[in-house]
Amino acid sequence: MSPKKPLDDEDYPTTGHEWDGIREYDKPMPRWWLWTFYATVVWALGYALLYPAVPLFDRATPGMLGYSSREEVAAAIARAELANAPLDTRITSVALEEIGTDPDLARYARAGGGAIFRTYCSQCHGSGAAGAVGYPNLLDDDWLWGGGIEDIYLTIAHGIRDEDDFDSRFSEMPAFGEVLSRDEIAAVVAHLLKISDQTHDEALAGAGADIYLENCAACHGDGGAGDPTLGAPRLNDAIWLYGGDAETLTETVTYSRYGQMPPWIDRLSEADLRLVASYVHQLGGGQ
């Protein structure tokens, strides 16, 4: 029996499509490709039966093996919590000031507190804690409510201006647009520019000094040094929460600001609160 002659292109049927003398042949797919394709179909069907795969209205099909990625993550978290339990017990039993002096607890606070910060705090304060407009920079030495580790812990636990937390920090700046005229506000702003060492109108700043003493000094101090016990920011440096240019200062004095921070005492454990407070304190600006 003579060997089978290979087929030439002319021996294959065409699809009937032809363009510029080029015909489209109707050649069968290679057998290895077809069997590979069939195998992937069988694999997909088997996977859909064995594992969660088909989305439903409020869940996916459970799969015959009963596998759950959520349960797997929960088990991994439980193992991590069990491994960290001795450190969590230690960190909740010592004074906050002692965490940084214990090498083991200090390392745990940097790692664990950093993870908590990136999960819950970085959305507002930034992944590097440098803050943004309206969200304080946690790396510098200006603290609205104090930069000691006890102060930081209290702020994190109870938040700022949260009406549902009795221990939350509260302060409120009046909207001086309802109290002062535009000219008086312009004079106060000129005074603020002067004490923060910015370009200013000297005569206007002189007039604004008296207005400042009558309306602002009670909270911010005669020289603008601020008062952490009141949450009154420092005004005589170059660090500004909302901006220190004349236009932004005019808006702040006229309409006031009322930033808020949620309390975390009901969302984080005592150990987690202490970890993130210690982490923030050691970033460089803690007092």
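Helices (H or I, at least four residues) and strands (E, at least two) are DSSP runs, numbered from the N terminus. The model is predicted, so local features need pLDDT of at least 70 and side-chain atom pairs count only at pLDDT 80 or more, while totals for chains, interfaces and linings use all residues. Residues are numbered from 1 along each chain as its sequence is written, and side-chain values use heavy atoms, with hydrogens and water left out.

The protein has eleven helices and two strands. Along the sequence, the pattern is β-β-α-α-α-α-α-α-α-α-α-α-α. The radius of gyration, taken over C-alpha atoms, is 33 Å.

Residues are called buried under 20% relative accessible area, exposed over 50%, and partly exposed in between (1.4 Å probe, protein chains only). Of the 287 residues, 29% count as buried. The protein exposes about 18700 Å² (Shrake-Rupley method, 1.4 Å probe), and carbon and sulfur atoms supply 57% of this area.

Part of the surface is a nonpolar patch made of Met29, Trp32, Trp33, Trp35, Phe37, Tyr38, Val41 and Leu45, with about 920 Å² of accessible area together. Patch residues have over 30% relative accessible area and no salt bridge; nonpolar side chains (Val, Leu, Ile, Met, Phe, Trp, Tyr) are joined within 5 Å, like charges within 9 Å. Trp33, one of the patch residues, lies in helix α1 (residues 31-50) and is partly exposed, with a relative accessible area of 38%.

Salt bridges come next. Each is a side-chain nitrogen of Lys or Arg within 4 Å of a carboxyl oxygen of Asp or Glu, and the count comes to eight. In one of them, Asp102 pairs with Arg90, the closest N and O atoms being 2.6 Å apart. Asp102 lies in the loop between α3 (96-99) and α4 (103-120) and Arg90 in helix α2 (residues 69-93), so the pair ties together parts that are twelve residues apart in sequence. Arg90 also forms a salt bridge with Asp104, at 3.9 Å from N to O. This pair links helix α4, which holds Asp104, to helix α2, which holds Arg90, across 14 residues. Arg90 is partly exposed at 32% relative accessible area, and Asp104 is partly exposed at 38%. A network of salt bridges links Arg90, Asp102, Asp104 and Arg107.

Conventions
The radius of gyration is taken over C-alpha atoms; the globule rule is 2.2 Å times the number of residues to the power 0.38.
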